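Please open the structure in your viewer and keep the selection tool ready. We will walk through it one stop at a time.

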Amino acid sequence: MTELRGVGIGLGVAQGPVARMAEPLPAPEDAPSTLTPDEELARVREAVAAVARELEERGSKAGGMAREVLEAQAMMAEDPTLDTEVSTRVNAGKTGEFAVHAAFASFRDTLAAMGGYLGERAADLDDVAQRVIARLRGLPAPGVPDPGHPFVLVAKDLAPADTALLDLDKVLALVTTDGGPTSHTAILAREKSIVAVVGAASAKDLVDGETVIVDAAKGVVTTSPTADELEQAQHRADARAAAASAPLTPGALKDGTAVPLLANLGKPGGAAEAVELGAEGVGLFRTEFLFLSATQAPTVEDQTKSYTELLAAFPGKKVVVRALDAGADKPLAFLNDAHEDNPALGLRGLRALRASEDILREQLTALANADAATEADLWVMAPMVSTLEETEYFVTLAKEYGIKTAGVMVEVPSAALMADRVLAEADFASIGTNDLTQYTMAADRLLGSVASFQDPWHPAVLRLIKATADGGKTNGKPVGICGEAAADPLLAVVLVGMGATTLSMAPTALADVRASLLQYDLADAQRIAEAALAADDAASARAAAQAAAENAA
Ligand code: PEP
Ligand code: MG
């Protein structure tokens, strides 16, 4: 058995025979064209338009997020800059195929060099180029294989056009050699709950027909698995299916210790699904998601309406709303107007709000209005707080507006290290493990090439979480977790063992975490946490927790 490592998307596990995506078409040769430039250009334009229409058609068949993605890809195909690039080459005597190949490749390199979200769009452009060249050559477009039985699809990186129409009865899991956690493969796998591991470079050696286990929770693909491993994987897949249909009890450990399970939401419209999946309240409402495309600050009235809608869905329940977290991967035009080379370390979160304090004051006004109009228990917190002074500033201001419970997010190591003091001032803290990991490990959370550093299991991150939970204990204040780490069923046990008082996550993760917590007493959770904390690195922390958990269960 060998383990190939990548980034797991979601928590599922699946097994089956590999079917590889066909290799891309060979690059066209740089031979002189036998047609006139006008004839070549007409062929290319016909092919580009046909490909764009086909992508749109696939999008409207697939619907949802896939539709937006494919429409964006169709627009990319018809981008006038690309047309100019192609024309220049055709006018220099190149064939249509070669001109498309070269023009798209140069545009692709520009995107790839940008890194992050745009960098991951590079694969989309490759797919468009392949489709256009296939059409020019009269060949079928490259696509998903059909071996006639269910299979684990292995590809370099899936294009949105492929993922959109995947037959979910046939595709047991996805494995890609390229792409990071924000690639389209990852986004669509998440949306469709497909078991997926992306960015597993060594998967290039997998061959058609060999059986593999794809473990998204661990980010591992196991080749040549033993009968025992296959059985265990099946057992986990069955347990997961059972957890999904288990009764919606409040979050608790086996000994009854309550661990309220809350939802992370970005729109009030998500509240109904969260309640259906057993959320006991909201642990993180990301207000900036309401205004990502706004060019001007939202009005107090608009905000009051949105917050009232949210709070009204949770009468008598806790709802933690975060003040606008603008900057870095979530820029808001009305809050982040200056160019920064390093926006994750710049004027983001509370820093940006302080620089435009009127916007923060309006948001607090709207939250207080919504609170007065509803029965929910409103808590408000500031994002990206790094000092005690910022904590005092935010808590004092929030109280001025009548917010009864005001706290901070702990996402920056400095706040975690000062947690005993920070929690003397704040009513609560919520640990954002996504940013806390990014800042502790100095690894951009959007960058596939450093994804292996972005692991909240790293003991350095765990120690900071422990320090924050201890700060809460010293001051008798609650410390919740609202980053992705809370959605990892075993890490959730570790977090509770270190003293986290609530866990907040994407509603679809609630069932797995609820089932996992019910397997351990508080003393078990503490032992499992100690084992992870004593490790040297993320992989050994995970393995040590796993071993301690097996002893306990
Ligand atoms: C986090 O950083 O863990 C967090 C919850 O905030 P966001 O993911 O919105 O930055
Ligand atoms: Mg954050």
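This is a predicted model: local features need pLDDT of at least 70, side-chain atom pairs count only at pLDDT 80 or more; totals for chains, interfaces and linings use all residues.

Residues are numbered from 1 along each chain as its sequence is written, chains are lettered from A and ligands numbered from 1 in the order in which they are written, and side-chain values use heavy atoms, with hydrogens and water left out.

**Stop 1: the domains.** Colour domain 1 (2-22 + 144-244), domain 2 (37-137) and domain 3 (261-489 + 500-507) separately; such bounds come from an automatic or database domain assignment. The C-alpha centres of domain 1 and domain 3 are 33 Å apart.

**Stop 2: ligand 1.** Select ligand 1 and the 15 residues that surround it, each with a heavy atom within 4 Å. Arg286, Arg322, Lys330, Asn434 and Arg445 are the closest.

Now show β10 (281-286) and α17 (433-441), which each supply at least two shell residues. α17 gives the most, with 3 residues. Helices (H or I, at least four residues) and strands (E, at least two) are DSSP runs, numbered from the N terminus.

**Stop 3: the ligand's oxygens.** A polar side-chain atom of Lys330 is 2.8 Å from a ligand 1 oxygen. For a side-chain N or O atom of Glu411, the distance to an oxygen of ligand 1 is 2.9 Å. At Asn434, look at the backbone: a polar atom there lies 2.7 Å from an oxygen of ligand 1.

**Stop 4: two loops.** Go to Ser224, in the loop between β8 (220-223) and α9 (227-244). Its phi is positive, near 40°. Finish at Ala442, in the loop between α17 and α18 (459-475), where phi is near 55°. Most residues other than glycine have a negative phi.

How values were computed: A polar contact is a pair of N or O atoms within 3.5 Å; within protein, one must be able to donate a hydrogen and the other to accept it, and residues adjacent in sequence count only if both atoms are side-chain atoms.
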